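Here is a briefing on a two-chain model. Look over the sequence and structure before reading on.

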There are 2 protein chains.
Amino acid sequence: MADMKLPTRAEDFSEWYNQLVLRAELADYAPVRGCMIVRPYGWALWENITAALDGRFKATGHVNAAFPLLIPKSFIEKEKSHVEGFSPELAVVTHGGGEKLEEPLVIRPTSETIIGHAYAKWIQSYRDLPVLINQWNSVVRWELRTKLFLRTLEFFWQEGHTAHATAEEGEAETRQMVDVYSDFAWNEAAVPVIPGKKSDTEKFAGADTTYSLEAMMGDGKALQFCTSHNLGQNFAKAFEIKYLDKNGQLQHCWTTSWGLSTRVVGAMIMVHGDDQGLILPPRLAPIQAVIVPIYKTDEEKAVVMENAHRLRKELVDGGVRVKLDEREGMSPGFKFNDWEMRGVPLRIELGPKDVAKESVVVARRDRPGKEGKSFVAQQGISAAVTQALADVQKGLFERALAFRRANTIEPANYEELKKGVEKGFALAWWCGSGDCEAKIKEETKATMRCIPLDQTLGGVAQTGGGGKCVYCGQGAKEKAIFAKAY
Amino acid sequence: MADMKLPTRAEDFSEWYNQLVLRAELADYAPVRGCMIVRPYGWALWENITAALDGRFKATGHVNAAFPLLIPKSFIEKEKSHVEGFSPELAVVTHGGGEKLEEPLVIRPTSETIIGHAYAKWIQSYRDLPVLINQWNSVVRWELRTKLFLRTLEFFWQEGHTAHATAEEGEAETRQMVDVYSDFAWNEAAVPVIPGKKSDTEKFAGADTTYSLEAMMGDGKALQFCTSHNLGQNFAKAFEIKYLDKNGQLQHCWTTSWGLSTRVVGAMIMVHGDDQGLILPPRLAPIQAVIVPIYKTDEEKAVVMENAHRLRKELVDGGVRVKLDEREGMSPGFKFNDWEMRGVPLRIELGPKDVAKESVVVARRDRPGKEGKSFVAQQGISAAVTQALADVQKGLFERALAFRRANTIEPANYEELKKGVEKGFALAWWCGSGDCEAKIKEETKATMRCIPLDQTLGGVAQTGGGGKCVYCGQGAKEKAIFAKAY
């Protein structure tokens, strides 16, 4: 399908996204409305994401486990804000084994309740704390408007659930995971996320505090990359998660939860992609470099392919995820377009002249045309390609950061905010009132994304000393990001 | 809980198993009947199993993907035998987002139908074949009698689904996966499985042929370790999975499916465990060696712990999954029992005298008492431990094989078969008739496990030339294994 043109992003960003996901074979629609099939190329990308995160989780002391898919409906009802948040989104199992169930079961929309129930049983004493468990699974939320990767009825994610002896430890864990996610986003996904705190309106149903990482997409809209929740003692009280402290006193635990989903695949597409298709960050790309052999005659083919196989082996040995495109009956030009559409970071072109000169042409996916092309000697190819991949990784992050900065304003007044949110982020003084937040949303369709933890956004924004709320003019201590969002 | 005694296997094998699973913290019961929580120690074991298998799947050309959890109920009804087999076991979602659904959805009991639907869309031409996809997920089957790991409503597994151009390729794939699974069972799980063919009664609902790997548990009963199904064109016809062949003719594909589940954790427990607890095969054990420091005074503690940390680092660097048990307030004897119960293959004891002699005591879990203990020099500890782990791995396999052989008989007549299946396997001539199979089951409670692909069971059984069916006395060409089964 590489020969069909995508709509440009300027023409129709949404349709560019939809077609790209299908044509790059990342995902497909399932027969059940709003569900998604993640195809092998998309799943290989997700596997690289999970590996990068899982290593970070384990390095910070977490272990994995698996809690069940099915939750008694009554569990969801035990925590007041939780049930209000999730009730409208539940998938309910009423029959099993041909009979009507005594109590309906729900497919987990998230696992705080069932894990809370287990922790209440497992945790007895301060010696059992902290409990630091993560699980990789899928959850179901009955969304009305869906879009592949961004919002689907069933989605794939990880959910971490921890229990602690003190409020301080719970908050430290919540913040630690913000750091872990930020490190992943910046250094693996090459997405310059902004970590911050959610407003009460936007926080998780059942949390005391929610932190999120907000990213700017290629159309200037915001996407919540992932979240980390300080649940206080809300779930500990609802599920009786208690421990005996060192003084023999029974105390409620302090719990947290944090999650990152297949949404981030959508984020990477919308942050890095261009009108030719995907651009995947090298550290996560299933295929980091593709070798496209170029020949006309059988003699040329023999010479080129022999060299190509040798190059592939050298790159594999050097730790590069490389593919040699051996498909017959397709022109090199067709293959170039195909791999560009699929976002492979580097293309290695190899023709008879290159063989003779013992070199190759390396083309960077992030710099189309001649600018991104260079001749590279075959001697030491593996080191050169590894370096080029690092350059692309860095280039993608810097470009996304520059784009975000160029499309972020600090509005002096409400009129400027209104204009700013039409094309990007507005970092504005906010008094903290839910009323102002609601009015802004009603009038501009922009929501309060987060109060950035770093109010200067990396040293570029003017802050400090307090100001006046962009909406009501009352005193404000912090700036918040307002933007339209996915 | 290591201080409470398990029932012995001779006293009550089933209760020994149940208590061990809970006390070793492999799994726990979930609030929904028949569902299971896989706890971190159990999940770490499963992660090692998945890694060992996933590498083998990828080496044989397979890729991973993710198909949805929810399947329209009508899909299950499209393949006649499939619906008969699975209808009684379905969990049905009737409500979503607060409303009654137009068509009920089922939680996948297995994914042939939804994957068949996708393949029909993706496969157009012979160029698209073969399609070789696997997925790791969980499925739900409404079982009445459940047991942790062995049979649960929701269980974790992988399911491979492939499509091919010819019958021969389909059969070759089905058999290839039998080989892949056997290699895993023998060399990773140390379980001497017997690969064979299922009878028509025992085969998968919708398959032309089912192959399985049968293992003998510590009580002589059989357990089906995993299965590989040749689905012929049954699902291809039900779901219209067609391709244009090289001559431009439209043909139905030939499909296969194959799966291995968390059951194999139960199998490893029941094959290798003893009255003290688990014995995990080193290649899959989450912890391969545990260092237990022994000291009385603070001076001794300082000396021993300094040495213990050094040893741990050396073993980690040498690629050993090692744990240093630093728990305070527990005697070395308590720790010995605790790690024995959890099945850690090697225990490394380190006291002040060992520090002085620059050696350690290494105790093999599979050989209790003095027989399994040896002094090992600290110099080159990593190589010695790696060798000891390989010895345990080999020892477990050989012991299980010897046990299986000692409890397998070749009955000369039906009376001998009846006796044989009381304590193990009976490898008996069978005419192939479902009537004989049903009668044997009715009268002895033993089922036909498989027709072994290697009729000599590794050169020990007498076969060849044909014989007379152990039940009806008619001519028989093949021997089958009869046994009571989990």
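This is a predicted model: local features need pLDDT of at least 70, side-chain atom pairs count only at pLDDT 80 or more; totals for chains, interfaces and linings use all residues.

Residues are numbered from 1 along each chain as its sequence is written, chains are lettered from A and ligands numbered from 1 in the order in which they are written, and side-chain values use heavy atoms, with hydrogens and water left out.

**Confidence**
- The model scores ipTM 0.95 and pTM 0.96.
- Mean pLDDT (the predictor's confidence in each residue, from 0 to 100) is 96 for chain A, and 99% of its residues reach 70 or more.

**N64(B)**
- N64(B) sits in strand β3 (residues 63-64) of chain B; strands are DSSP runs of E, at least two residues, and helices runs of H or I, at least four, numbered from the N terminus.
- N64(B) is buried, at 5% relative accessibility (buried is under 20% relative accessible area, exposed over 50%, partly exposed in between; 1.4 Å probe, protein chains only).
- Its side chain makes polar contacts with the side chains of E47(A) at 2.7 Å and D54(B) at 2.9 Å (N or O atoms within 3.5 Å; within protein, one must be able to donate a hydrogen and the other to accept it, and residues adjacent in sequence count only if both atoms are side-chain atoms).

**Salt bridges**
- The whole structure holds 64 salt bridges over all chains (a side-chain nitrogen of Lys or Arg within 4 Å of a carboxyl oxygen of Asp or Glu).
- K484(A) and E422(A) pair at 3.2 Å, N to O.
- K484(A) lies in the segment after β25 (478-483) and E422(A) in helix α13 (residues 414-423) of chain A, so the bridge ties together parts 62 residues apart in sequence.
- K484(A) is partly exposed at 21%; E422(A) is exposed at 53%.
- D338(B) and R327(B) pair at 2.9 Å, N to O.
- D338(B) is buried at 3%, whereas R327(B) is partly exposed at 28%.
- E25(A), D325(A), R327(A), K335(A), D338(A) and R342(A) form a salt-bridge network.
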